[in-house]
Amino acid sequence: MALGLVLGGGGVAGIAWEVGILAGLAEAGVELGRPSRVIGTSAGSIVGAQVAAGAEVAAMLDAQLAALPPGEGAERPEHDLDVWSELLFERGPESHDDGLRALMRRIGAMAAEAQTASLEVYRAVIDGQLPVQDWPAGADLQLTSVAAATGELTVWAADSGASLLEAVMASCAVPGLMPLVPIAGKRYFDGGLNSSTHADLAAGCSEVLVIAPFSEAVAGPTLAAELDALQDSRTAAIVPDANSRQAFGTNPLAPSTRLPAALAGRAQGRAEAMRIGILLSL
C-alpha cells in the first residue's frame, strides 16, 4: 500500500478539525501511521508536517484541546469579501489555466500592498504552531504555495531549498492578512487560493485520503475535479458534516473555533472510520 494523505486549507478551525478527524479515525481503529506521501495546503501544511514527522495524533489532539495561550483568544479579521469579489469578476476571458494564473498574480499584487503584521511576528506565530523544525527524514512531504509575481503554484519539499518553517509560512500566508513570505528572492502566499487541497499531487499513490475543510478554492479546481484525475487510485474524502460546519462558524481564522472544531472533527472521524476503512482497505 502507498497511502497518500491530502490535508486541505481551512484556517485555525481547519487545523483543529483535521487533527480531530485523524484522532477520531484512530480511536475507531483506522490508524494511518506514516503515509507514503503527505500533501499539505495552508492549514494542512501545519498538520501535515506533524503527521509526516510521525507525531502521535492523540498528542496532537491534546494540544488542540488545551487552553489557549495568553493573548490568542482575540478574534481575527475576516476577509474583505468585496475585494475578493472584484478580483474574481476581473478574471477575464483567458483560458482556464491562464485565467487562474492571472488571478493569482492580481491577488499577489493586492497582498504586496496590504497592511499586515510584520514578517517577524508572523514567523513567531507559525513557529509556535510547528513542533517540528526540520523536514522529516525519509518522508515525502509536499507543501503548496503560490508565487506572488507569477501566480504559479510552488510545491515545497525537503530538497526545494526552503526550510520547513519557511515552506509552512508560505503555504499559510493568507493574502491581505499575513505578509508575503520571501524565499530565495521570490515572495509567496497561501496555496489554498490556488486549490483548497491539491489532491492531484497524490497521483501515483495506490490509496488517497483527502481531509478537506473546504472543497473549493477561490477560483481553482474543485475537489471533485481533482479526485476525478486520480482514477488509478482508490480514493476517499472527508469534508465537514453539519456539526463541523457549525463549529467553523463564519470566521475559520478565529482562535475561538479551535476547541469546537477539534471536538466536531473527532466525532466525525469516529463516524467516518468504517467508511474510510472499507474504501481504502485500511
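Q: Which residues do ring pairs link into a cluster?
A: In this predicted model, Trp17, Phe214 and Phe248 are joined into a cluster by ring pairs. The count of aromatic pairs comes to 3.

Q: Why is the pair of tryptophan 156 and tyrosine 188 called edge-to-face?
A: The ring centres of tryptophan 156 and tyrosine 188 are 5.0 Å apart, and a pair requires centres within 6.5 Å. Their planes stand at 80 degrees, and the edge-to-face class begins over 60. The pair is therefore edge-to-face.

Q: What parts of the chain does this pair link?
A: Tryptophan 156 belongs to strand S4 (residues 153–156) and tyrosine 188 to strand S6 (residues 186–190). The two residues are 32 residues apart, and the pair links distant parts of the chain. Both tryptophan 156 and tyrosine 188 are buried.

Q: What makes tryptophan 156 stand out in the largest nonpolar core?
A: The largest nonpolar core has 57 residues, of which Trp156 and Leu209 touch the most other members. Helix H1 (residues 11–27) gives the most to this core, with 10 residues. Not counting residues up to four places away in sequence, tryptophan 156 touches residues including Trp135, Leu141, Ala167, Ile183 and Tyr188. Another core, of 12 residues, lies apart from the largest one and has Val6, Ile39, Val208 and Leu227 among its residues.

Q: Why does methionine 169 count as buried?
A: Buried means under 20% relative accessible area. Methionine 169 has 1% relative accessibility and therefore counts as buried. Methionine 169 lies in helix H7 (residues 164–172). Leaving aside neighbours within four places in sequence, methionine 169 is in contact with Leu119, Tyr122, Arg123, Ile126 and Val181.

Q: How do you know that glutamate 27 and arginine 266 form a salt bridge?
A: The closest N and O atoms of glutamate 27 and arginine 266 are 2.9 Å apart, and the cut-off for a salt bridge is within 4 Å. The pair is one of 5 salt bridges in the structure.

Q: Why is this pair said to tie together parts of the chain?
A: Glutamate 27 lies in helix H1 and arginine 266 in helix H10 (residues 258–280), so the pair ties together parts that are 239 residues apart in sequence. Glutamate 27, at a relative accessible area of 40%, is partly exposed. Arginine 266 is also partly exposed, at 24%.

Q: Why is arginine 37 called buried, and why is aspartate 140 called partly exposed?
A: The boundary for buried is under 20%. Arginine 37 has a relative accessible area of 17% and is therefore buried. Aspartate 140 has 28% relative accessibility and so counts as partly exposed. These residues form a salt bridge, with the closest N and O atoms of aspartate 140 and arginine 37 being 3.1 Å apart.

Q: What makes the separation of glutamate 272 and arginine 275 about one helical turn?
A: Glutamate 272 and arginine 275 are 3 residues apart in helix H10, which means that about one helical turn separates them. Their side chains meet in a salt bridge (2.7 Å, N to O). Glutamate 272 counts as buried because its relative accessibility is 16%. Arginine 275, at 34% relative accessibility, counts as partly exposed.

Methods:
Residues numbered from 1 in each chain as written. Predicted model: local features only at pLDDT ≥ 70, side-chain atom pairs only at ≥ 80, totals over all residues. Heavy atoms only, no water. Phe/Tyr/Trp six-rings, centres within 6.5 Å; stacked < 30°, edge-to-face > 60°. Helix = DSSP H or I, 4+ residues; strand = E, 2+ residues; numbered from the N terminus. Buried < 20%, exposed > 50% of the residue type's maximum accessible area, 1.4 Å probe, protein only. Contact = heavy atoms within 4.5 Å. Core = buried A, V, L, I, M, F, W, Y, C linked by side-chain atoms within 4.5 Å.
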